[in-house]
Amino acid sequence: MKLALLTERFYDLVAPDIPNEWDVEEVLDPLVDEPDSVCEAILGHIPVIWPVSHSLCFDFLRLLPETLQHLQLEQIPRWIGITLDHYETDGLRTAQRFMQDDIQNYLLKLAGSGGLTLSSVEKKLLPYIRGVAERDLNISPARQIYTDTSSIYMPEELNFFSNNKDNFLLYKLTLTFQWGFINRGSFINRPPVNLIQPQKDDDSNWLSSFIESFDEPLLARDIYHSLESIRVRFFLEQDLPGLIRAAKKQIFPSLSVRNTHHPLNRLQHVLIAEDNVLHKQLGAFIGESNAENYLLGYASAYDSVTLTTALYKKLTKDLTDYIPIEPYPFQGVLKLQAVATARNIREQKMGEQFTDLMAAHLLSLSKDELKDIFQEDKRDSANRGLAESDITMIMDSEFAQTADMEKEAPLLVTINNEEVEMPEELESFSKNFLDEFGHLPVQFLSAAAGKAGQEMLEHAVSGINEAMPVITDTLLYDEWDYRRQGYRKNWCSLHLKELKPIRSSFIQNTLKTYHGLTTRLRHQFEMMRNQERFVKRQREGDDIDFDALVESISDSRAGIASSDRLFIRLKRDNRDIAVLFLVDMSNSTAGWVNNALKESLVLMAEAMEVLGDRYGIYGFSGMRRSRCELFHVKHLTEPYGDAVKERIGSIAPSEYTRMGPPIRHATELLKDVDAKVRIIITLTDGKPEDYDDYKGEYAIEDTRHALLEAKTADIHPFCITIDHQARDYMQHMYGPANYIFIDNVRKLPLRIPEIYRVLTS
Amino acid sequence: MKTVEQRLEEHLITEKPYYLASGKEIEIALSAHKNGLPLLLKGPTGCGKTRFMQFLAWKLQRPLITVSCHDDLSTSDLVGRFLIRSGEAVWTDGPLTLAVRAGAICYLDEIVEARKDTTVVIHPLADDRRELPIEKLGELLSAPPEFMICVSYNPGYQSVLKDLKPSTRQRFVAISFNYPAPELEAEIVCRESGVSKKLASSLVKLAGMTRSLKESGLAEGASTRLLIQTGLLVEDGIDIHTACRTALIEPLSDDPELLAALEEMVSSIF
C-alpha cells in the first residue's frame with residue numbers, strides 16, 4: 001500500500017488526535033512493501049492500541065517488521081492483548097520490553113513449553129495446600145522462595161525444567177516443603193526450656209537472636225536450615241510418600257551435585273541423596289543415633305539447634321570466610337524477620353477475635369455475675385478498665401502436670417478474683433492461641449473486660465446513635481474493552497458505601513399520596529404469593545376425592561367403566577425469587593426523576609413485603625473508574641425496617657453513570673443466592689456515561705458484556721428506563737424483551753410494581 | 001398384601017451391626033429410650049448416624065422403621081391413608097403409626113427436608129404426651145413405653161428456609177455426630193472394607209485434608225462412607241489412584257479446579 005494512503009488511513013483512525021507527520025511516516029514506511037491485506041490487518045489493530053497509549057502504538061508499528069518474523073498475523077491480536085495487560089499493570093517500560101525482547105518466550109509459552117507461571121497453577125495449588133495444611137495459607141509471588149508462616153512465596157515463573165509437568169511438580173514440592181517447615185515447627189519462637197539464658201522480654205524472635213549470637217551468623221543460619229530441611233524431607237517421606245516418590249524420580253536427579261568443596265554442601269546433599277547412602281552421609285555429620293532420630297521423625301527443631309552449635313564449632317575450625325551455599329530450589333531461604341512480622345499480625349488479629357469472643361461471653365452472663373465481676377458499686381473501675389493484675393488466666397494446676405494432660409486441662413479465668421467460666425468455643429480458641437504463640441497477652445483479656453464493661457454502661461445510657469461508616473469495602477472489577485475483545489483487568493474500583501439515613505417524612509408522605517394504589521398493589525401481590533391448591537380427580541394423590549369415588553361406584557353399578565381418577569393432590573406453586581434493584585443515582589436524575597424513583601422504591605418495597613420475595617436495593621453512581629460507588633439501601637436478607645426506609649429517603653442525585661461495576665457486583669451477590677429465579681432490575685434515566693472515556697459505544701459494549709456475564713450466571717437482567725432514545729441502545733444492551741421504557745416519569749411509581757408482577761409470574 | 005406382623009418382621013435387626021462408639025452416645029441413647037425421650041442426631045453425611053440407629057435398634061431388640069424425608073412428604077405418608085381395594089376404602093397405617101402401635105423405633109432421616117407442616121405431626125409424640133392423633137379414624141393412639149422417635153439432619157448445609165423450628169427442636173435430646181477421631185476412623189475403614197490399617201490411615205489422612213476446604217469451595221469433605229467405598233474398591237483389585245478418584249474425589253465436587261487440587265492431594269499421599 002502506498003505511503004500516502006497508509007498515512008491517510010492512519011490519521012482517520014486516530015482522529016481527533018493529530019500526531020506528528022514525520023513520526024507517522026517513519027513508522028509506516030516499512031509497511032509500504034507489504035501486501036494490502038497485511039496492511040489492512042495491521043491498520044485494524046491501531047484503534048485498539050492508540051486509545052490506551054500513543055507511545056505504545058508507535059512502538060508496535062516500529063517493531064512490526066521484526067514481530068512479523070516470529071508471529072503469524074492471526075496471533076497478533078492476542079499478543080496485543082497481553083501487551084496491553086502488561087501496560088495496564090506494570091506500565092510502559094514493561095510493555096515495551098515485552099513487545100521487544102520477550103517474543104521468543106511468548107512463542108514458547110504458546111507452544112506449551114518454556115516455563116510455567118505461578119498464576120496458572122495457583123488455582124490448583126491453593127486448595128491443595130490449604131487442604132494439606134488444614135489452615136488458610138496463601139500463595140504469593142516473590143523472587144525468593146520462603147514462607148512467613150502465613151503465606152508461601154514462590155517465583156512468578158519456573159522454567160527449571162524443559163517440560164512443564166516437571167515444573168509443576170517442582171512448584172508442588174516447593175509449596176509442600178515450605179509447609180513442612182511450618183508444620184514441623186522450624187520457626188521456633190520460644191527458647192528451649194533447659195537452656196540457661198537471661199530472660200528476654202520479647203522471646204518471639206528467639207531463633208533470630210540465637211543465630212545472631214554466632215560470629216558467622218550466615219554459617220549458623222545455613223547449618224540450621226540444612227538440618228531442618230533434612231528433618232522436613234524425612235517427615236514428608238512419611239506423611240506424603242507419593243510426593244517424595246515422584247520427586248525422587250523426576251526432580252532430585254536433575255539437581256546438580258554441588259561443588260562438594262564446602263563441607264556444608266555434603267550435608268545439604270543428604271536431601272537429594274540416594275536412599276542407600278543418605279543414612280551414612282547424615283551420620284557422618286551428626287552421629288549415628290542422631291541420624292536415626294531424624295530419619296524416624298523423633299527429632300525436633302530444638303535438636304537442630306543443639307546440633308547447629310556443635311556443627312558450627314566443627315566447621316569453623318578449618319574455614320576462614322564463609323560464602324553462603326546455594327539452597328536447592330525447594331528449600332527456599334529462611335527469612336526470620338518476615339516470620340516474626342507475620343506472626344505479630346496474626347497474633348494481633350487473633351487477639352482481637354479473642355477479645356470480641358470474650359466480651360460477648362461476658363455480656364451473656366447474668367447481671368448478678370457481672371455485678372460481682374465488675375463490682376458495679378464502684379462504677380469507676382468499669383470506666384477505668386481493669387488493671388492487668390485483676391485478670392488472670394491460668395490452667396487448672398491439677399491438670400498441668402503432664403504434656404498430654406495439658407491438652408485436656410480446662411482454662412480458668414479470674415477477673416477481680418471472681419472466676420468466670422468459659423464456654424467451649426472460647427476455651428478451644430484460647431488453647432489454639434496458646435499453642436501457636438506460647439502465651440496469651442493479658443492485654444487481650446483486659447480489653448475484653450473493658451469492652452464488656454463499656455458496653456454495659458452504654459446499655460445503661462439509652463441508645464447511642466453510632467456513626468455510620470462511610471466506605472465499608474472496596475472491590476476491583478474488570479472492564480470489557482470491545483476494541484480488543486478482552487478485559488482490562490481490575491480496571492474499576494467499586495466502593496461500597498452507606499447512605500446516611502435521614503429522618504424525614506418522605507416515606508409517610510409517599511404512602512399517603514399513593515394510599516389507594518398501595519392497597520390495590522398489596523391485594524394484587526397477595527394473590528401472587530405461594531399458592532397451594534387442591535387439584536381434584538387425579539390418578540394419584542394424597543387423599544381420596546370422595547365425590548369422584550361415589551361417582552365411580554355408581555358408574556360400575558350402572559355397568560359403565562368407572563374412572564380411576566379418584567384422588568386429590570396438593571399442588572404448590574412455589575415462589576422462589578431473589579431480585580436486586582439497582583437505582584441510577586447520577587446527576588441527571590435530579591429533580592422530578594429522583595423523586596419519582598424514590599417513590600417507586602417505597603411502593604415496590606411495600607408490595608414486596610407482602611409477596612415475600614427476597615429483594616435488595618442499591619444505588620450506584622461515581623466518577624471515573626477509580627471511584628465507582630455502590631450505596632447500600634437494603635441488603636438481600638435485611639428486613640424492611642425503619643433504617644431501610646430512611647435510607648430510601650436519603651437517596652440523592654450524585655455524579656455519573658458507569659454501569660459495568662454495579663451490574664457485575666450485583667451478579668456476584670446473586671451468584672451465591674439459592675433461588676429458582678434471580679433477577680437484576682436496573683432503574684436508569686439514560687445511557688451509561690462517565691467522566692473519563694467511558695461513553696458512547698465503549699460504555700454500551702461494556703454494559704452489554706456485564707449483562708451477558710449475568711445471563712451466563714443464570715441471572716436475568718432487566719431495565720426500566722425513561723430515556724426517550726432508549727430504543728436505540730437498550731435493545732442492543734439488554735435484548736429486545738428485557739427493557740421497558742416509561743415515557744412519563746410520574747408514571748414510574750405506578751408502572752414499576754406492575755412490571756415486576758408481569759416479570760415474575 | 002402383607003400382614004402387619006410380616007411388615008414389622010422385616011424391620012427387625014437380628015445381626016449385630018458394627019458400630020464403633022466415639023463417645024457416650026450409646027449410653028445417652030439408651031437412657032433417652034428408658035425415659036421415653038426422643039432423639040435428634042445431627043452431623044454431616046456419612047459419619048454413622050444411620051448405622052448408629054441400626055445398632056441401637058438391635059441393642060433394644062425393637063424393629064427399626066426408617067423414613068427418608070423429602071419435600072413432598074405429607075402427613076398422610078407418615079400417619080396413613082385410606083386406600084381403595086376392590087371397591088372399598090381400607091385404612092392402611094403409615095410407618096409412624098405402625099411404629100407407634102408396635103412399640104418400635106421410628107427414624108425420620110433428614111427431617112429438615114420435609115415441609116414444616118408435615119413435621120409438626122410428630123410433636124405430640126415427641127413430648128410427654130407420647131400420643132398420635134389420627135383424625136381420619138377419630139383415634140388417639142397412645143405410644144407404649146418401648147416406642148421411640150428419632151430424627152436426624154445435617155446442619156452443615158442448611159439454608160435459612162430449611163431449618164427446624166424451635167418448637168420442634170426443643171423436644172429432643174440431641175447427639176452431635178462428627179467424623180471420628182483419626183485412629184477410630186481408620187479402624188472403622190479397616191473393618192468395613194478390609195484394607196490394611198496402614199492404607200486405612202492414609203485414606204483417613206486424605207479425608208482430613210478434604211475436610212479443610214470449606215473456604216476453597218468444598219461444602220463438605222469426604223465422609224467415612226466414601227473412605228469405606230474407596231477401600232472396598234482397592235480390596236477388589238482396583239489401583240489406589242483410580243479408586244480414590246472414582247470413589248472419593250469425583251463424588252465430592254464438579255469444579256474442575258477443585259478436582260485438580262484433590263488429585264494433587266492423592267498423588268502426594270499415594
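Predicted model: local features only at pLDDT ≥ 70, side-chain atom pairs only at ≥ 80, totals over all residues.
I looked up C719(A) and found 0% relative accessibility, so C719(A) counts as buried (buried is under 20% relative accessible area, exposed over 50%, partly exposed in between, with a 1.4 Å probe and protein chains only). I then turned to C47(B), which at 9% relative accessibility counts as buried.

Residues are numbered from 1 along each chain as its sequence is written, chains are lettered from A and ligands numbered from 1 in the order in which they are written, and side-chain values use heavy atoms, with hydrogens and water left out.

I placed H705(A) in helix 29 (residues 696-712) of chain A, where helices are DSSP runs of H or I with at least four residues and strands are runs of E with at least two, numbered from the N terminus.

I next checked backbone angles. E134(A), a residue other than glycine, has a positive phi near 55 degrees; it sits in the loop between helix 8 (118-133) and strand 2 (138-141) of chain A and is partly exposed at 48%. Q61(B), also not glycine, has a positive phi near 55 degrees and occupies the loop between helix 3 (49-60) and strand 2 (64-68) of chain B.
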